[in-house]
Amino acid sequence: MSSVDWKNYEPVIIPDIKDLHKIDVYKKNGGYNGLKSVLTDKKKWPEQKSVIDEVKAANIRGRGGAGFNAGLKWSFMPPADGGPRYLACNGDESEPGTFKDRKIFEYNPHLFIEGALIAAYAMQVTTIYVYIRGEYKDYIDMMQNAIDDAYEGGYIGKDILGSGYDCDFYVHSGAGAYICGEETSMLESLEGKRGYPRVKPPFPAQKGLWGRPTTINNVETLAHVPGVIKNGAEWFSNIGAANHPGPILYGISGHVNKPGVYELPSGIPVLDLIDKVAGGMRNGKKLKAVIPGGSSTPILRADMLDGITMDSDSLRTVGTMMGTAGMVVMDEDTDMVDMLWRIAHFYHHESCGQCTPCREGTGWLEKVLLKIKNGNGEIKDLDLLLDITTQMEGRTICALADAAAWPVRNTINRFRDEFEARCKKSVHAVA
Amino acid sequence: MAYEFTKEDLEEIEKIKAKYPEVMPATLPVLWVAQKRFGHVDPDVQKLVADTLDLPHSHVHGVASFYTQYYKEEKGKHVLDVCTCLSCQLCGGYDILHYLEEKLGVQKGETTEDGMFTLNEVECLGACGYAPMLQVTNDKYVNHLTKEKVDELIEMLKDGKSPEYEKIGMPQRENI
Ligand SMILES: Cc1cc2nc3c(=O)[nH]c(=O)nc-3n(C[C@H](O)[C@H](O)[C@H](O)COP(=O)(O)O)c2cc1C
Ligand code: SF4
Ligand code: FES
């Protein structure tokens with residue numbers, strides 16, 4: 001596999017253009033031409049389906065964590081029947097280690113708005129909601145301003161750009177609940193309820209908001225759409241890794257010199273991201289472990305990283321995945337027991353409690369890990385933890401239970417010595 | 001205590017209702033309007049929200065209690081939400097939490113006697129690259145915390161000033 005030339009990459013989602021968040025600047029730089037094209041160029045885009053096909057061919061894999069082809073998801077919407085249809089944009093951004101969508105809200109909100117409108121037109125959606133976590137008060141305000149300007153510019157509302165297409169666009173603020181990032185929980189929250197994930201089927205494309213067809217996409221996913229429309233599917237799919245193409249907003253946090261969000265192609269070597277992009281390890285320490293894409297993605301030991309690149313195929317070979325590309329980097333001083341307990345605490349705190357294996361399981365994981373952390377664990381507790389993870393997986397309404405189980409299983413398996421060393425010495429035969 | 005929305009609040013609530021095909025979806029945004037007005041959404045405020053929207057009290061109560069950002073009781077004048085989640089933990093989030101506990105003379109979850117500060121430990125706030133960090137009363141993020149920066153923040157809040165939005169540029173970009 002040829003390596004990705006990331007050093008010469010020019011950002012397109014967050015390009016180096018001053019004041020791009022302002023609608024005039026955005027327009028001057030070709031903004032809203034993609035929307036104009038799909039709405040008015042009937043030769044190029046004879047019907048909505050042609051837009052969906054182009055996006056499908058580009059293979060924009062969902063940036064919210066699951067990596068599903070966006071165009072393919074759009075094609076699941078049933079034929080329009082004259083009733084309301086919805087696009088719900090996911091800006092809940094609450095998976096620990098993830099802090100990228102906020103960069104779009106701040107630096108290029110119109111790119112996301114344009115992408116959402118193209119998606120909405122392609123699926124004949126009548127109303128778009130963007131759900132933003134309540135803590136992002138400043139970004140909610142920024143998005144609202146951008147939407148107001150787009151209404152004023154005739155890009156949202158009635159008869160958009162004289163095409164006869166009508167679509168509204170509203171911001172909905174969350175109020176503190178990680179689970180509302182799960183797509184059906186988000187729909188419940190939009191409907192004004194507690195964020196309890198829904199049993200599937202029916203899937204949102206059939207019965208989403210208020211029982212009507214609804215598609216859910218992550219904010220970054222939609223921000224990739226205008227580029228695909230303007231430059232073509234092939235342009236997009238030639239960026240980065242073949243099976244997980246396109247630009248990625250990598251969020252890098254933890255023990256590196258230059259943490260932050262970097263826009264680069266997919267398929268970058270993990271070690272380049274740490275050493276060259278993020279400025280290497282802080283205080284000259286040695287790298288110990290990396291969580292590649294948010295707290296639920298299985299952790300990698302430093303010795304597993306040779307030749308591994310940031311794309312689903314390569315990450316799968318070491319038993320992990322891309323997730324949200326929110327990479328958490330840990331140095332040699334990191335205490336794996338403490339770290340894992342903190343992740344378990346998070347998932348326990350955020351479980352909505354509907355399903356017994358999740359409600360009880362996340363509680364047990366946290367409790368047993370706390371016992372080990374405090375020096376009261378026994379070796380058999382490690383096997384108990386692994387056993388609990390098995391009982392949680394695949395048995396619940398939503399994937400939070402899996403997200404809680406994976407890091408526990410993988411961190412214990414990959415750092416078993418360290419966990420055993422923390423267990424009671426009387427049980428562990430140390431002289 | 002009897003709470004009432006102002007005329008402007010009621011106008012805003014009408015605008016909110018127009019965004020949705022039904023009234024129930026207005027529950028979260030109207031709870032936000034109420035919290036902005038009264039500083040909390042205690043059971044009396046929840047009742048006001050329910051009556052204003054003509055929804056059952058039990059519904060509004062259920063929603064208010066599900067979401068952590070709604071204050072179900074009166075809090076300190078300033079609420080300090082310190083993140084100790086994964087990336088913040090790795091970068092010293094607990095040191096900041098403990099420093100604040102010591103400095104303010106309260107444990108997490110408590111309010112200072114003078115009613116100035118409530119201190120909380122919270123989950124990831126989506127600022128992981130700028131750890132350790134905290135949020136002030138559901139509003140501004142204060143990033144890259146050190147003890148000195150915490151001292152400055154507390155002084156500033158005591159002086160009646162609020163922190164500014166901390167703009168964090170893209171590390172790759174020169175111009176913004
Ligand atoms: C517990 C849980 C939390 C999630 N949180 C988020 C989130 O904060 N943001 C997000 O975009 N997707 C989140 N997701 C994924 C969404 O359910 C959904 O797959 C995604 O928004 C779809 O958009 P995409 O296909 O464009 O990625 C979460 C999933 C689970 C199970
Ligand atoms: S898996 Fe957990 S978070 Fe998801 S619905 Fe069940 S209890 Fe709730
Ligand atoms: S872990 Fe603290 S902001 Fe994400």
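**Figure 1. Confidence in chain B of the predicted model**. Chain B averages a pLDDT of 96. Of its residues, 98% score at least 70. The model as a whole scores ipTM 0.98 and pTM 0.97.

**Figure 2. Helices H1 and H2 of chain B pack together**. H1(B) covers residues 7-17, and H2(B) covers residues 27-38. Their axes lie 10 Å apart, at an angle of about 160°. Angles over 145 degrees count as roughly antiparallel, so H1(B) and H2(B) are roughly antiparallel to each other. The crossing of H1(B) past H2(B) is right-handed. H1(B) brings B:Asp9, B:Glu12, B:Ile13 and B:Ile16 to the contact. H2(B) meets them with B:Pro29, B:Val30, B:Val33 and B:Arg37. By class, this contact of H1(B) with H2(B) has 5 nonpolar and 3 charged residues, and no polar ones.

**Figure 3. Helix H2 of chain B also packs with helix H4 of chain B**. H4(B) covers residues 57-66. The axes of H2(B) and H4(B) are 10 Å apart and form an angle of about 75°. H2(B) is therefore roughly perpendicular to H4(B). From H2(B), the contact takes in B:Thr27, B:Leu28 and B:Leu31. They meet B:His59, B:Val60, B:Val63 and B:Ala64 of H4(B). By class, the contact of H2(B) with H4(B) has 5 nonpolar and 2 polar residues, with no charged ones.

**Figure 4. The residues around ligand 2**. Ligand 2 is surrounded by 13 residues. The closest are A:Cys352, A:Gln354, A:Cys355, A:Cys358 and A:Cys398. By class, the shell around ligand 2 has 9 nonpolar and 4 polar residues. Charged residues are absent from this shell.

Key
Residues are numbered from 1 along each chain as its sequence is written. Chains are lettered from A and ligands numbered from 1 in the order in which they are written. This is a predicted model: local features need pLDDT of at least 70, side-chain atom pairs count only at pLDDT 80 or more; totals for chains, interfaces and linings use all residues. Side-chain values use heavy atoms; hydrogens and water are left out. pLDDT is the predictor's confidence in each residue, from 0 to 100. Axes are lines fitted to C-alpha atoms, for helices over the stretch in contact, and angles run from 0 to 180 degrees between N-to-C directions. Helices (H or I, at least four residues) and strands (E, at least two) are DSSP runs, numbered from the N terminus. Angles under 35 degrees count as roughly parallel, over 145 as roughly antiparallel, 65 to 115 as roughly perpendicular and the rest as oblique. A crossing is left-handed if the near helix is turned anticlockwise from the far one by less than a right angle, and right-handed if clockwise. Contact means heavy atoms within 4.5 Å. Ala, Val, Leu, Ile, Met, Phe, Trp, Tyr, Cys and Pro count as nonpolar, Asp, Glu, Lys and Arg as charged, and the others, Gly among them, as polar. A residue is near a molecule or strand if one of its heavy atoms lies within 4 Å of it.
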